[in-house]
Amino acid sequence: MSGTLRVDNGPTIAIVGAGFSGVATTARLLSEARGPGRIVMINRSGPTARGVAYGTRSEGHVLNVPAGRMSAFPEDEDDFLRFAAGQMAGVTAGSFLPRSLYGAYLDHVLSRAAGSATGTILETAIGEVATIESDRAGHHLRFVDGRVIAADWVVLAVGNYPPMDPSFVDPDFARSARYIGDPWVSGALDRIDPGERVLLLGTGLTMLDVAIGVGGRAGRMTALSRRGIVSTAHRDPGQAPSGDHLPTDLLTGDPTVVDCLRSIRRQVALDRSRGGDWRDVVGALRQITPALWQRLSDRERGRFLRHLRPFWDAHRHRAAPATARALDELRAGGRLVVVAGTVLRIETAANGLAARIRRRGGGEEGVMFDRLVNCTGPASRVALVRDPLIQSLLAANRIRPDRWGLGLETSASLEILGGDGVPAERLFYVGPLLRAQHWEATAVPELRLHARAVARTVAQRAGLQGAAGPVHRAPFGQRGLGSGEAGDRDPVG
Ligand SMILES: Cc1cc2nc3c(=O)[nH]c(=O)nc-3n(C[C@H](O)[C@H](O)[C@H](O)COP(=O)(O)OP(=O)(O)OC[C@H]3O[C@@H](n4cnc5c(N)ncnc54)[C@H](O)[C@@H]3O)c2cc1C
């Protein structure tokens, strides 16, 4: 590598976001790093190590993945289990534990990694990064309040975005107190008064959380989605999965979604004939889903998203058994009805909200509600996300949303691709927007793999994996821009 070398106290790595992805990447970097360096973890929502999913204080909000699969470290599956067993009695690998406990686990993971780091130090900063300017000297992360942090490497772990407003919500209605556009905003659901008629838009896991959260106080709730398919339940913790349930023919030839569906159904029927459970087949698919997604042509991806996505989501993103039982009780007691249909329009009236609904396969009807809660889940259509950082990167042509509105395009090493398709220099992404490239990138079992990959790449390329000592770095901008190569690796360490 040509160019003048400079000697200093090691690279600065900025991690933007302290939800699961930011914490898992930071902890991994701290444990991989051998040389001197500095990691600055920046989080906008104040306390570190929480994020939308695990910031909840409600004990009723439980993880939708069993404890045995929630370790932040894929090579140490029991890490979360050990932590949880130290906090509460009766924990097993099949337990569905409170999400707030998982937030505490992330705090623990971070402080343990910082405590045992050799040479690399961790700093945290609270604030929102609004723009990232990059030049030959490195990256400059500018906060909304004007502060600037300089960094050599940046990992964006900016996570989940609030749900998009449905098309029938106009700006006036969006401001109405009767509309709860983001149920995860602290205190948002407190607006629902006892006995109120509530329309829940969406029938996935967010709807389940909201229905159970407000079910004791709300009046009749109506959950509505185009197909009215509700998330299925995990098996009870006692029933362990067994054997190999992966359909063998899925990764051959040029698959179509119809071929895949047939093959999965055949495997489910075979398993059932042996006393097995469809969940084992869906669970087994997880290990090949990214490869399968990458093999599908654009046409086939489009077909999957148009016709099969709701079925996939309902079977793949399952609810904890207790959550599913609580929902069944609400339905059996007539407190919650699930409707397949579409909201055509909604207006505020003197006595509530007047909604015009078209039932799937049926006619139109007018229904009155008191509140509407948007339960459509986190937004992934990057171009429409109202977020200063995302919008500034988009405006500068430094990120490229995928054509399906699933997330961001990245290189094989998870560098962010610019609008021109070229991987950004020393700028990475970990988090749910990897769905664009991997489809399966929402939950901990997948995100921890991505966090490990990014941390290892950054540690290696930043020269942090060598023996402790001064680091020699080439100035920014001297590496070839192609992804995957270690062209900027520390030539000494
Ligand atoms: C309600 C809910 C429940 C879930 N439950 C589970 C579960 O039980 N099990 C499971 O495996 N998965 C679950 N998930 C999936 C979830 O996506 C992942 O598990 C994980 O939480 C994603 O973490 P993240 O760090 O990528 O994103 P997030 O948790 O969203 O964290 C991103 C962080 O970045 C910060 N940030 C964003 N932009 C900026 C900026 N510009 N400047 C500074 N900070 C910024 C945010 O404030 C936030 O703290 C759940 C998701 C949701 C929404």
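Here is a walk through this predicted model, from its domains to its core and then to a few helices and strands.

A word on conventions comes before the tour. Residues are numbered from 1 along each chain as its sequence is written. Because the model is predicted, local features need pLDDT of at least 70 and side-chain atom pairs count only at pLDDT 80 or more, while totals for chains, interfaces and linings use all residues.

Let's start with the overall division. The protein splits into domain 1 (6-161 + 380-473), domain 2 (171-232 + 319-374) and domain 3 (257-316), with bounds that come from an automatic or database domain assignment. The centres of domain 2 and domain 3, taken over C-alpha atoms, are separated by 29 Å. Between these two, six residues of domain 2 are in contact with five residues of domain 3; contact here means C-beta atoms, placed from the backbone, within 7 Å.

Next, look inside. The largest nonpolar core has 107 residues, and Leu 200 and Ala 211 touch the most other members. Such a core is a set of buried Ala, Val, Leu, Ile, Met, Phe, Trp, Tyr and Cys residues joined through C-beta atoms within 7 Å, where buried means that 20 or more other C-beta atoms lie within 10 Å of the residue's own, all placed from the backbone. At least three residues of this core come from each of domain 1 and domain 2. Leaving aside neighbours within four places in sequence, Ala 211 is in contact with Leu 200, Met 221, Ala 223, Leu 327, Leu 330 and Leu 336.

Helices (H or I, at least four residues) and strands (E, at least two) are DSSP runs, numbered from the N terminus. Of the 13 residues of H1, 11 are buried, so the helix is largely enclosed by the rest of the structure. Among them are Phe 20, Val 23, Arg 28 and Leu 30.

Now to the strands, which pair if DSSP finds at least two bridges between them. An open antiparallel sheet of three strands has the order E5-E6-E7, with strand E5 (129-135) and strand E7 (148-151) at the edges, each pairing on one side only. Six bridges join E5 to strand E6 (residues 138-143), and Ile 132 stands opposite Leu 141 in E6.

Finally, strand E17 (residues 423-429) has seven of its seven residues buried. Strand E8 (residues 153-156) runs parallel to E17 and is joined to it by three bridges, with Leu 156 partnering Tyr 429. Strand E16 (residues 415-417) pairs with E17 in the antiparallel sense over two bridges, and Glu 415 has Phe 428 as its bridge partner.

Methods: Buried ≥ 20, exposed ≤ 12 C-beta atoms within 10 Å, placed from the backbone.
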